[in-house]
Amino acid sequence: LPPVTPQPQTGHWIPVSERLPEKNDIYVVWTSKGFGDHLSTSYYNTEDGWTIGVCAWKENGEPYKAEGSDKE
């Protein structure tokens, strides 16, 4: 049988040394460049990489939806 690669659960930090996102999107990231260590968001492009220096990132979960609202 081929090896099984467990998928990380949404909300867990993924070091960039472990793997990068598979799709272009905005991600919650931890960065240590610029203004020091801090939480931020960054756009990831599969061809160009991150828009800022990123140490770790999180998978995107379901978008927030206000209770009783049809909008995300």
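## Strands and overall fold

A strand is here a DSSP run of type E with at least two residues, and the strands are numbered from the N terminus. In this predicted model, Gly 49 has its place in strand β4, which spans residues 49-50. The chain as a whole has five strands and zero helices, and its pattern, read along the sequence, is β-β-β-β-β.

Of the 72 residues in the chain, 18% count as buried, while the accessible surface comes to about 5,900 Å², with carbon and sulfur atoms contributing 52% of that area. Among the contacts in the chain with a separation of 6 or more, 45% are accounted for by residues 24 or more positions apart.

## Gly 49 and its surroundings

Because buried means a relative accessible area under 20%, Gly 49, with a value of 18%, is counted as buried. When its neighbours within four places in sequence are left aside, Gly 49 is in contact with Tyr 43 and Tyr 44. Gly 49 and Leu 20 are 29 residues apart in sequence, and their C-alpha to C-alpha distance in space is 8.7 Å.

Tyr 44, one of the residues that Gly 49 contacts, also belongs to an aromatic cluster, which it forms together with Tyr 27, Trp 50 and Trp 57.

## Aromatic pairs

Rings are taken to pair if their centres lie within 6.5 Å, and by this rule the count comes to five aromatic pairs. The rings of Trp 13 and Trp 30 have centres 6.5 Å apart and planes at 75°, and since planes over 60 degrees apart count as edge-to-face, this pair is edge-to-face.

## Exposure of the tryptophan pair and the nonpolar patch

The partly exposed class runs between the buried limit of 20% and the exposed limit of 50%, so Trp 13, with a relative accessible area of 37%, is partly exposed, and Trp 30, at 35% relative accessibility, likewise counts as partly exposed.

Trp 13 and Trp 30 also take part, together with Val 28 and Leu 39, in a nonpolar surface patch of about 370 Å².

Methods:
Residues are numbered from 1 along each chain as its sequence is written. This is a predicted model: local features need pLDDT of at least 70, side-chain atom pairs count only at pLDDT 80 or more; totals for chains, interfaces and linings use all residues. Side-chain values use heavy atoms; hydrogens and water are left out. Rings of Phe, Tyr and Trp (its six-membered ring) pair if their centres lie within 6.5 Å; planes under 30 degrees apart count as stacked, over 60 as edge-to-face and the rest as tilted. Buried means under 20% relative accessible area, exposed over 50%, partly exposed in between (1.4 Å probe, protein chains only). Helices (H or I, at least four residues) and strands (E, at least two) are DSSP runs, numbered from the N terminus. Contact means heavy atoms within 4.5 Å. Accessible areas come from the Shrake-Rupley method with a 1.4 Å probe; for residues, only the protein chains shown count as cover. Patches are made of residues with over 30% relative accessible area and no salt bridge: like charges are joined within 9 Å, nonpolar side chains (Val, Leu, Ile, Met, Phe, Trp, Tyr) within 5 Å. A salt bridge is a side-chain nitrogen of Lys or Arg within 4 Å of a carboxyl oxygen of Asp or Glu.
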